[in-house]
Amino acid sequence: MLSHYSAAYSNRQQLREFGMKMWTLSCATPVAYPANSVRVSMPSVKAPSSSQISFQHNESPFVPEVVKAVDSLYSEFRAVDNLVACNTSRVLKAFQNVRLGSHHFSGSTGYGHDEAGGREALDQAFAEIVGAESAIVRSQFFSGTHAITCALYAFLRPGDELLAVAGAPYDTLEEVIGKRDSNGLGSLRDFGVEYREVPLAEDGGLDWDCLMHALKPHTKCALIQRSCGYSWRQSLSVNEIGRAIKMIKMQNPNCLVMVDNCYGEFVESIEPPSVGADLIAGSLIKNPGGTIAPCGGYIAGKKKWVEAAAARLSAPGLGIDCGSTPGDVMRAYFQGLFLSPQMVGEAIKGTFLIAEVMASKGYQAVQLGSRELLLAFCEAVQRSSPVASYTKPVAGSTPGYASEVIFADGTFIDGSTSELSCDGPLREPFAVYCQGGTHWTQWGLVLGEVLKHI
């Protein structure tokens, strides 16, 4: 779900409003949450056969802090279930409208010209789900950064200006933009595209007063990053994105709006194209891949600009009607997209649980404050992972990142942040960013391990 999902939320109400890269940790004044009046109990369950299995509340695999937090989160979890049902409904409707059948899973080889309609059906279904005119969903996108880059190069030409309206973009876009030296490899700056940022307001949100007058005559594209990334700010809701788009279009109707949608898919019941975004882009090993897509990314929005972005992925003239996808991957894309609302819902529940437990320990919107604590936290998460639990995460240089970064990601798909994982740059304020989780109960178990070490 949430990329990152939601960071810098200081209380449960803020998390309820939006929950993207899910949280950051920081030593701060303890927050006291009122106990929820509705509590969950686990009754004894009698099997239909002669055998009986009883589940006793005192047999919980969770530490007491987690048990208490779960009991207090009944209403929040129920609200997430309603969101999951809403989003599952729109996925089902889209699949039914494209008449999805098993023949769509056959895939293709070579040029990918003969793929039994699966590619077209996937693009159409994805576009409908996110409220866009068109979409391109492909294994050939290396990452979310790659998809976003194709979208930006579709919009921008020499002499144009790119305006980031939510402060600094995610680290991996700095070399794409030319904010950090790309060593002549072809950044936007190398091609004569200017760049500016609208700083965040003091409260960490968008600076609406500044944005109202931010555009210049040659501002061709406004970039809105939905997730907080590694910035100390709140992630943006779709309503906030819609408000920003209105301000941008009032100043210049021809200015195009690109939304980095990573970690935002299915966090709400609508997506940015529904409020005027010209393009959105993201990764399939985050939310919309449902934890089983093995690779790929997407771009969706206005048909003209989706085709322009496709030309950046492939070549002018090739369009979107080529590119092979193995059958097992094509099936995983459809199945992952179907599972996505549920997986995102579980990740949001994990977010609530993390916030509740850490608040009870004297943390709010929590920064860890030291390199040692950040490393210890990530090591605890790795030990609680299903894959490579025996390894120790080590901080180091990673392509696209300006600082040393540490990742804890014992995941079935390499780098899949829809699965339970955490990471953070080794720099002040030493915040750890947690995301994903196929079921909130795994976060419950992880927190028991984490509490031993911080």
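Accessible areas here come from the Shrake-Rupley method with a 1.4 Å probe. On that basis I looked up the surface of the protein, which comes to about 18900 Å², with 54% of it belonging to carbon and sulfur atoms. I note that this is a predicted model.

**Entry: overall make-up.** I found 12 helices and 10 strands in the protein. Of the 454 residues, 58% are buried.

**Entry: the seven-stranded sheet.** I traced an open sheet of 7 strands in the order β1-β7-β6-β5-β4-β2-β3, with mixed pairing. β1 and β3 (194–197) stand at the edges with a single partner strand each, so one side of each has no neighbour in the sheet. Neighbouring strands here are turned by 20° against each other on average, direction ignored. Inside the sheet I checked β5 and β6, which run parallel and are joined by 3 bridges. Valine 259 has isoleucine 280 in β6 as its bridge partner. Helix α4 (residues 118–130) packs on this sheet and touches β1, β6 and β7; its direction makes about 125° with that of β1.

**Entry: helix α9.** In α9 (residues 303–313) I listed the buried residues as Trp305, Val306, Ala308, Ala309, Ala310 and Ala311. They pack against β1 (134–138), α5 (144–155), β5 (256–260), β6 and β7.

**Entry: the three-stranded sheet.** I then turned to an open, antiparallel sheet of 3 strands in the order β8-β9-β10. Its edge strands are β8 (405–408) and β10 (433–435), each pairing on one side only. β8 pairs with β9 (residues 421–425) over 4 bridges, and isoleucine 406 stands opposite glycine 424 in β9. Helix α11 (residues 371–383) lies across β8, β9 and β10, at about 25° to β8.

**Entry: lysine 286.** Lysine 286 is buried but has no salt bridge. The nearest side chain of opposite charge is aspartate 260, 7.6 Å away, and a salt bridge needs nitrogen and carboxyl oxygen within 4 Å. Leaving out residues up to four places away in sequence, lysine 286 touches Cys262, Tyr263, Thr417 and Ser418.

**Entry: aspartate 260.** I placed aspartate 260 in strand β5. Its relative accessible area is 6%, so I count aspartate 260 as buried. Its contacts, beyond four places in sequence, include Ile148, Leu173, Arg226 and Ala281.

**Entry: salt bridges.** I counted 19 salt bridges. One of them joins glutamate 161 and arginine 196 at 2.7 Å, N to O. This pair links distant parts of the chain, with glutamate 161 in strand β2 (residues 161–164) and arginine 196 in strand β3, 35 residues apart. Glutamate 161 has 1% relative accessibility and therefore counts as buried; arginine 196, at 22%, counts as partly exposed.

Arginine 180 meets glutamate 174 at 2.8 Å, N to O. Glutamate 174 is buried, with 14% relative accessibility. I also looked up lysine 179, which forms a salt bridge with glutamate 197, the closest N and O atoms being 2.5 Å apart. Here lysine 179 lies in the loop between α6 (174–177) and β3, and glutamate 197 in strand β3, 18 residues apart. Lysine 179 is partly exposed at 36% relative accessibility, and glutamate 197 is partly exposed at 30%. Finally, I noted one network, in which salt bridges that share partners join Arg90, Arg226, Glu268 and Glu271.

Conventions: Residues are numbered from 1 along each chain as its sequence is written. This is a predicted model: local features need pLDDT of at least 70, side-chain atom pairs count only at pLDDT 80 or more; totals for chains, interfaces and linings use all residues. Side-chain values use heavy atoms; hydrogens and water are left out. Buried means under 20% relative accessible area, exposed over 50%, partly exposed in between (1.4 Å probe, protein chains only). Lys and Arg count as positive and Asp and Glu as negative; His and the chain ends are not counted. Contact means heavy atoms within 4.5 Å. Helices (H or I, at least four residues) and strands (E, at least two) are DSSP runs, numbered from the N terminus. Two strands pair if DSSP finds at least two bridges between them. Axes are lines fitted to C-alpha atoms, for helices over the stretch in contact, and angles run from 0 to 180 degrees between N-to-C directions.
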